[in-house]
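This briefing covers pockets and helix packing. Please keep the sequence and the model in view while reading.

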Amino acid sequence: GMKDQVITVSKCLSSMLRYNMRLENITTLETELKQVYNYIQILKIRFEDRFTVDYEIDEACLTCGIVKFTLQPLVENAITHGFRDTDTGGILRLDIKRKGDCVRIRIADNGCGISKNLLLEMNKRFEQTTDHPLDYIDQYKSLGLLNVYLRLRLRYGSSCVMKIFSKENKGTCISMWIPYEPEKRKRIGNEKDHDCG
């Protein structure tokens, strides 16, 4: 009785596996977003009515180059941690806009939020790792948010900014800025293979 859901999950997982096996470190924002969509489709089937997703994507950003696996870990954090106590009514927002020579990316949720002490600790770690990201990459490889930040710093240097805003029982917003650097799109096989939707 779940044939359609099984087909969707299979297609999404296949697309994500192919994406994972590709060797390039930089991709387009459009391609990265397709994999985020695949991931969300799977979780929407798994969790049913736990959350909805609002997308506000500026098409002028889609050709921007971005470090591979930047967005999915942040979305995963929002769903896994932000909605851990949520049975229904969760809202996840992806807001991406071009601002001059930069791209602003915001991933926000209305979940449980982050405690004040943990938020201070996380922002402190951001400051500590800003100047010498290579010194910390192994230490934080299992911490999705910090790992994403370190990889962005290695790629963009001081041109990348990431901040966390959160209130307990209100939600969390991850806001980042990266330079707008057009990435030549690489076509590998059928483009439909990269999107289960």
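A crossing of two helices is called left-handed if the near helix is turned anticlockwise from the far one by less than a right angle, and right-handed if clockwise. By that rule, α1 and α2 cross in a left-handed way, while the crossing of α2 and α3 is right-handed. The model is predicted.

**Packing of α1 and α2**

- Helix α1 spans residues 3-21, and its axis comes within 9 Å of that of α2.
- The two axes cross at roughly 145°.
- From α1, the contact uses Gln5, Thr8, Val9, Cys12, Leu13, Ser15, Met16 and Tyr19.
- These meet Thr31, Glu32, Gln35, Asn38, Tyr39, Gln41, Ile42 and Ile45 of α2.
- The contact of α1 with α2 holds eight nonpolar, seven polar and one charged residues.

**Packing of α2 and α3**

- The axes of α2 and α3 lie 9 Å apart, at an angle of about 25°.
- Angles under 35 degrees count as roughly parallel, so α2 and α3 are roughly parallel to each other.
- On the α2 side, Leu29, Glu32, Leu33, Val36, Tyr39, Ile40, Leu43 and Phe47 make the contact.
- Their partners in α3 are Leu71, Gln72, Val75, Glu76 and Ile79.
- By class, the contact of α2 with α3 has ten nonpolar, one polar and two charged residues.

**Largest pocket**

- The largest pocket holds about 570 Å³ of space.
- Its lining has 24 residues.
- Asn77, His81, Ile114, Leu118 and Met122 lie nearest the centre of this pocket.
- Two or more lining residues come from each of α3 (71-82), β5 (102-109), α4 (116-129), α5 (144-156) and β7 (171-179).
- Helix α3 gives the largest share of this lining, five residues.
- Eleven residues of the lining are nonpolar, eight are polar and five are charged.

**Second largest pocket**

- The volume of the second largest pocket is about 160 Å³.
- Its lining consists of Glu30, Leu33, Lys34, Tyr37, Tyr55, Ile57, Glu59 and Leu62.
- The largest share, four residues, is from α2.
- This lining has five nonpolar, no polar and three charged residues.

Terms used. Residues are numbered from 1 along each chain as its sequence is written. This is a predicted model: local features need pLDDT of at least 70, side-chain atom pairs count only at pLDDT 80 or more; totals for chains, interfaces and linings use all residues. Side-chain values use heavy atoms; hydrogens and water are left out. On a 1 Å grid over the protein atoms alone, a cavity is a set of points where a 1.4 Å probe fits but cannot get out, and a pocket is an open set with protein on both sides within 12 Å along at least five of seven lines; lining residues have an atom within 4 Å of a point. Grid points are joined across faces, edges and corners, and a volume is the space filled by probe spheres set on the points. Ala, Val, Leu, Ile, Met, Phe, Trp, Tyr, Cys and Pro count as nonpolar, Asp, Glu, Lys and Arg as charged, and the others, Gly among them, as polar. Axes are lines fitted to C-alpha atoms, for helices over the stretch in contact, and angles run from 0 to 180 degrees between N-to-C directions. Angles under 35 degrees count as roughly parallel, over 145 as roughly antiparallel, 65 to 115 as roughly perpendicular and the rest as oblique. Contact means heavy atoms within 4.5 Å.
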